[in-house]
Structure formats: structure tokens, C-alpha cells
Amino acid sequence: MFKKIRESESPESQNETPKVSNQIPESDENEETVVMDESQTDLGEAVTATSDLTPSTCSSSSDFTLSLSSKYEPPYPDIAKLSDIDDLIKQKLLSTKWNDSHLFKFPSRVFGQKQRKLQSSWLQNHPWMRYSVSTDALYCAYCVLFSSKDSKEKSFSKTPVFGLEESSLIVKRHESSTQHQGCVVSSSEYLRIMENKSSSIASMISTSYKTNVATNRHVLEKIIEVILLCGRQNIPLRGHVEERSNFMAILHEKAKADNILSDHLAFSAASRAKYTSPDIQNELVELCGTEVLNQVIGACKSASCFAVIADECTDKATKEQMSLCLRFLDVEKNNNVIIREEFVGFRHAESVKGAAISDLIVRFLADLELDINKIRAQCYDGAANMAGKYSGVYKHVSFNSILRQTMFTVRHMH
């Protein structure tokens, strides 16, 4: 119920206390109207609080009413205007309470033939509700912040609720939804983490998982060290019997001084994650080879020029295999310049003619992303198809280079 204060125009009545009427008479040009909430008990404080509002700032009684209630607006950000949501905004929306909601003048709307407006008791009885002043609508703070984009339940989140003529049905349906209950749990966990700076429930549950990950990484590191050792010493990984292979013998020897590796080999017999099978060995060899090759190619790209060394021979399966090596200058960390000669791989040669092998070399260099124009020297054996003056590999590779002429040497050692 709103009350109207009518001040007398006579000078004698200026010092008297204004009379308060419960009825709203017709407006008059000489009358000054003040609209206030019925919860304001001290009439003098209400008049004093609004004494600074002049006609220039409040052109109508509605403007005056909005100014009077603006200080009772929600203390949290307007949930309908959120764009970039950071942790500070989330905390304010979730933890800030609107204690003065009963003093705020909510706009009224016409529903059917009645004027209705939001009641502050709804906000007090349902802590998840957040009021938006800009849209005069209700939102669910939990669902707005933590619901998924493809959620089917859109009320109070993507679709705000403007009128609550059927409030009990809408609210009960929303509170009982699986989405809302999950968002309530997520918001409680979020506030607990932000306030206490502690680990989340998921991270606490996954402590054993983290331990398993660390253990498996340690074991895998030791297995890779054994593979690299066999590769450097040029000894085979496997033998006729897997348990007596070089790989397993060296791995068990390392396990004598490593409790984690020893437990893995002793207790993982029935486990499928042992990482010692031939397939895993081959995969690790391939990964290590790719890493080594990338480092060699990176160093070669850093050099201003390089030379190619190639040769072909027949393997046990009677297939022609071409090997390719690169020779270049490399600068170490201590600025020492060294000459490196690195093997980069085999390629199957379908033909042993000079044009076919030269084309294979050019395509090999292109796959390695090396610039053929940086070639300054070529080294092959003395066979006609390799060193031929007119149709050899040397002539064809030089023709593909912008230099047209590169230094050629015959490799006598095999």
C-alpha cells in the first residue's frame, strides 16, 4: 500500500507535520506527490532521503519512485547482461544475498485482468533465484553458470521467467530437474574450491590414478633407455626366446637397482600393460627413430649447405634398397663446429637406372623438407648408373638444382 503526502499551501501549515492519507485523491498542479514503500516507518527520514531530488532530475512520480528504490537494487551483477564471466563474477552471483529485496519496488505487469508483480518472498524462499533489473525477469544462477549448452531444460537459464502466475508449478519442475540438481552440486563444489583453495573432489579421487600414471611413465622411461642402448651398441632386441632376449636381460638387470621397475616386472605378469611385447618394442623403436630423424633434419636445415651420399644394393628378399646419408656442418652449444655425416633412411628402388634413382633421391629430400638447392656435393659409387656423365644419378640431381653444377666424388668404401 502506498501513501500520499499532501502539503498545505498556507504559510501557517509549513511548520506543521504533514498529514498522511490512505486514499489517493485526484492529482493537482499545486500538489507534490511522494511515493514510498509501506515498510518505511519514519516519515521524516523518507522525506529527507529524497530532498535532493529536484524536478529537473525527476520529471514524474514514476521517475521519483525508481530513484527511491534504486539503492535497493540487487548487489550482484545483472545476470541478463553477462558476457565475459570470470571467477569474481561467478562468486558474486553464487554467494551474494539480496537482503533488501523487500524494499525494492518491482514493476507490475498485466496478467489477464490483474496487475501482478514479483514478490520478494520468492527470492527469499528460493536462494537459487536471481533477479535481473534490465529484463524484470528471474534466472537460476546455478543453471546459467554451470549448465551445458545442449541442455534440454531451458527455463530459468537460457529462457528467463517473466511472470509467475503459475509459479509453484514452474519452480517445482525446475528444482526437481536433473540438470538443476547437478548444477547445484557443481556450484557448491566450485565455491568450496574457490574459498578454501583446496583440491576438487575429482582430483582427490584420482590420487591413485596419478600414482599409476607416474609409475607407468617411470617404467616406460626405463624400457626406452634399454631400447636406445641396444640401438647404440648395434645389438638385436629379441632372440629365439623372448624371455632370454637381450632386451629382457638388460631390463631385468636394471630392475635390480630400481624397485618400481622390479615390482612392475614381478607383479604385472597377469596385467596387459607390461610394455615389453614385440609390438610395443617395434612401436617404441619407430618413435625413437622419428625423434632422432627430426633432430638430424633440424640440424641440417640450420646449415647453409649439405652433401648427399647415396648407394643402392639388393637385400635378402632380392629388392633394391637405396640408402641416403647427409653430410653437413653443425655448431655445438660451445660454438665448436663439427662435420656430421648422418644416415636418414632406406627407400625401395623399383628401378636401378640413373633417372629412377635420382628421382627417388629428389623425392626423399622433399619428404624430409630439405631444399635441394642447398646441395653442394654428391657422393656415389663408381657404377655407370650412379656416376655416369650423361645419364647417371649425379647428372640428373644436378639438373634439378639451380646450381646445375655440384662437386662429385666417388665413394670407394662400402
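Biologist: How many disulfides does the count come to in this predicted model?

Modeller: Zero disulfides. The rule asks for a pair of cysteine sulfur atoms within 2.5 Å.

Biologist: Why does C230 count as buried?

Modeller: Its relative accessibility is 1%. Buried means under 20%, so C230 is buried.

Biologist: And what makes C313 partly exposed?

Modeller: C313 has 47% relative accessibility. Exposed starts over 50% and buried lies under 20%. C313 therefore counts as partly exposed.

Biologist: Why are α10 and α11 called oblique?

Modeller: The axes of α10 (residues 246-255) and α11 (residues 259-267) cross at roughly 125 degrees. Roughly perpendicular covers 65 to 115, and roughly antiparallel needs over 145. The pair is therefore oblique. Their axes come within 8 Å.

Biologist: Which residues make the contact?

Modeller: From α10, L251, H252, K254 and A255. From α11, L261, S262 and L265. They divide into four nonpolar, two polar and one charged.

Biologist: Which residues have the most contacts inside the largest nonpolar core?

Modeller: L123, Y131 and F156, in a core of 29 residues. Elements giving two or more residues to this core include α3 (87-95), β5 (129-132) and α7 (178-196).

Biologist: What does Y131 touch?

Modeller: Leaving out residues up to four places away in sequence, its partners include W98, F104, F106, L118, L123 and D136.

Biologist: What other core lies apart from the largest one?

Modeller: One of 26 residues, among them A303, A310, F328 and L368.

Key
Residues are numbered from 1 along each chain as its sequence is written. This is a predicted model: local features need pLDDT of at least 70, side-chain atom pairs count only at pLDDT 80 or more; totals for chains, interfaces and linings use all residues. Side-chain values use heavy atoms; hydrogens and water are left out. Axes are lines fitted to C-alpha atoms, for helices over the stretch in contact, and angles run from 0 to 180 degrees between N-to-C directions. Helices (H or I, at least four residues) and strands (E, at least two) are DSSP runs, numbered from the N terminus. Angles under 35 degrees count as roughly parallel, over 145 as roughly antiparallel, 65 to 115 as roughly perpendicular and the rest as oblique. Contact means heavy atoms within 4.5 Å. Ala, Val, Leu, Ile, Met, Phe, Trp, Tyr, Cys and Pro count as nonpolar, Asp, Glu, Lys and Arg as charged, and the others, Gly among them, as polar. Buried means under 20% relative accessible area, exposed over 50%, partly exposed in between (1.4 Å probe, protein chains only). A nonpolar core is a set of buried Ala, Val, Leu, Ile, Met, Phe, Trp, Tyr and Cys residues joined through side-chain atoms within 4.5 Å.
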